[in-house]
Amino acid sequence: MIGIQFGTLLAFAVVTESIFAWPGMGKLIIDSINLLDRPVIVAYLLITVFIFTLINLMTDLLYSVLDPRVRLGGPSE
């Protein structure tokens, strides 16, 4: 659950930074959208997707280590 919450935190950083006018990645993407700065928008999306995928991968690997019922391989018959 914590790993999923990190993904949600990453997604809503844009909203939080916009509301409180904090400088950061969220403000950068909003300013880039307003200026139609496509390379910055694409770079932001690639970084966000990479971080989100990395968090989910680490969560899945950690879950398989902590719970012995979960196996990384296929079903063993």
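1. A salt bridge is taken here as a side-chain nitrogen of Lys or Arg within 4 Å of a carboxyl oxygen of Asp or Glu. The side chains of Lys-27 and Asp-31 meet this criterion, with an N to O distance of 3.4 Å. A search of the whole structure finds one salt bridge.

2. The model is predicted: local features need pLDDT of at least 70 and side-chain atom pairs count only at pLDDT 80 or more, while totals for chains, interfaces and linings use all residues. Residues are numbered from 1 along each chain as its sequence is written, and side-chain values use heavy atoms, with hydrogens and water left out.

3. Both Lys-27 and Asp-31 belong to helix H3, four residues apart, or about one turn of the helix. Helices are DSSP runs of H or I with at least four residues, numbered from the N terminus. Lys-27 has a relative accessible area of 34% and is therefore partly exposed; the class lies between buried (under 20%) and exposed (over 50%), with a 1.4 Å probe and protein chains only. Asp-31, at 33%, is also partly exposed.

4. H3 and H4 pack with their axes 8 Å apart, at an angle of about 145 degrees. Axes are lines fitted to C-alpha atoms, for helices over the stretch in contact, and angles run from 0 to 180 degrees between N-to-C directions. The contact (heavy atoms within 4.5 Å) involves Met-25, Leu-28, Ile-29, Ser-32 and Ile-33 of H3, and Val-40, Ile-41 and Tyr-44 of H4.

5. A nonpolar surface patch of about 810 Å² is formed by Met-25, Leu-28, Ile-47, Phe-50, Ile-51, Leu-54, Leu-57, Met-58 and Leu-61. Patch members have over 30% relative accessible area and no salt bridge; nonpolar side chains (Val, Leu, Ile, Met, Phe, Trp, Tyr) are joined within 5 Å, and like charges within 9 Å. Accessible areas come from the Shrake-Rupley method with a 1.4 Å probe, and for residues only the protein chains shown count as cover.

6. Helix H3 (25–35) and helix H4 (38–66) each supply at least two residues of this patch. The most comes from H4, with seven residues. Leu-61, one of the patch residues, lies in H4 and counts as partly exposed because its relative accessibility is 38%.

7. Thr-59 is also located in helix H4. Its relative accessibility is 27%, so Thr-59 counts as partly exposed. Thr-59 and Gly-26 are 33 residues apart along the chain, and their C-alpha atoms are separated by 24 Å.
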